[in-house]
Amino acid sequence: MPSALIIDGHPDAESLTASIAQRYADGYGDARLLALRDLDFDPHMRFGYRERMPLEPDLADAKQAMQEAKTIIIATPLWWGSVPALLKGFFDRALLPQQEYRYASNGLPEGLLKGRRGRMFLLADTPWAAAPILGLPAATHVARSTMKFCGVRPFRVHRLLGVKGSDDVKIARWLDEAERIGKSDAQRDADRPTPQAIAAEAASSSVVATS
């Protein structure tokens, strides 16, 4: 099974976001690139959390891929301070209570995707100089309120800003960097146990021996 799952949240296959996701996958090697635009699923929570919607086959497959991956990568543009509706809808439908997270008896959340690391490539036309003023709420939304909430830690955000005014040299540098990071992550993950092995070891160590 692939060790890394790259989730491309851009609706356009010709976007720079898609290219960044592909170059990371090229660098990593043992990775699965999941382009959400190619999946057949309803991104709307038709009943909120009152009633569970049946999972479409593509969505069930994506959830299984997240469970099996050692590393989860999100590639997305910044639109209106957030992420595209396609990616938000994927989070809404795929990350579910008692499956990717749960609440403990004390009311605190517990992520069920523990043992996985993650990264986010966030692309925006916002220039670096304006970022402190305008903020990048999508970074907080995905990193802290979504992936870390579900137990994916550490989760690092790479901010690729000023996309609209970037020349070919800068874009090429971004693409090369995505591939380099992919190679580095692959080397790191080669020596890491699977999340399932980590969970099994943690469970065994918590067992109290009795006679």
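Let's start with the sheet: five strands make an open sheet, ordered 2-1-3-6-7, with parallel pairing. Two strands count as paired if DSSP finds at least two bridges between them. Strands here are DSSP runs of E, at least two residues long, and helices are runs of H or I, at least four residues, all numbered from the N terminus.

A word on the source. This is a predicted model, where local features need pLDDT of at least 70 and side-chain atom pairs count only at pLDDT 80 or more, while totals for chains, interfaces and linings use all residues. Residues are numbered from 1 along each chain as its sequence is written, and side-chain values use heavy atoms, with hydrogens and water left out.

Strand 2 (31-35) and strand 7 are the edges, each pairing on one side only. Neighbouring strands are turned by 15° against each other on average, direction ignored. Those angles come from axes fitted to C-alpha atoms, for helices over the stretch in contact, and run from 0 to 180 degrees between N-to-C directions.

Now two of the pairings. Strand 1 and strand 3 are parallel, with five bridges. There, D8 stands opposite A75 of strand 3. Strand 6 and strand 7 also run parallel, joined by seven bridges. L123 has L160 in strand 7 as its bridge partner.

Next, the helices on the sheet. Helix 1 (residues 16-28) lies across strands 1, 2, 3, 6 and 7, at about 170° to strand 1. Helix 2 packs on the sheet too, touching strand 1, strand 2 and strand 3, and its direction makes about 135° with that of strand 1. Contact means heavy atoms within 4.5 Å.

Which residues of helix 5 are buried? In helix 5 (residues 137-147), they are A138, A139, H141, V142, A143, T146 and M147. Buried means under 20% relative accessible area, exposed over 50%, and partly exposed in between, with a 1.4 Å probe and protein chains only. Down the axis of helix 5, the buried residues fall within an arc of 170°, so they line one face of the helix. That arc is taken from the directions from the helix axis to the C-beta atoms. Their cover includes strand 3 (71-77), helix 3 (85-94), strand 6 (117-124) and strand 7 (155-161). Strand 7 itself is mostly covered, with five of its seven residues buried.

On to the cores. A nonpolar core is a set of buried Ala, Val, Leu, Ile, Met, Phe, Trp, Tyr and Cys residues joined through side-chain atoms within 4.5 Å. The largest has 38 residues, and I7, I74, F90 and F155 make the most contacts inside it. A second, separate core has 19 residues, including L16, F121, L123 and A178. Leaving aside residues up to four places away in sequence, I7 touches L34, L36, M66, I72, I73, I74, A75, L87 and F90.

Last, charges. A salt bridge is a Lys or Arg side-chain nitrogen within 4 Å of an Asp or Glu carboxyl oxygen. By that rule there are 16. R180 bridges E177, with the closest N and O atoms 2.7 Å apart. Why do R180 and E177 sit about one helical turn apart? Because they are three residues apart in helix 6 (residues 168-190). R180 is partly exposed at 45% relative accessible area, and E177 is partly exposed at 34%.

Contrast R192 and D189. Their closest N and O atoms are 3.0 Å apart in a salt bridge, and both residues are buried. R192 and D189 also belong to a salt-bridge network with R119, D185 and R188.
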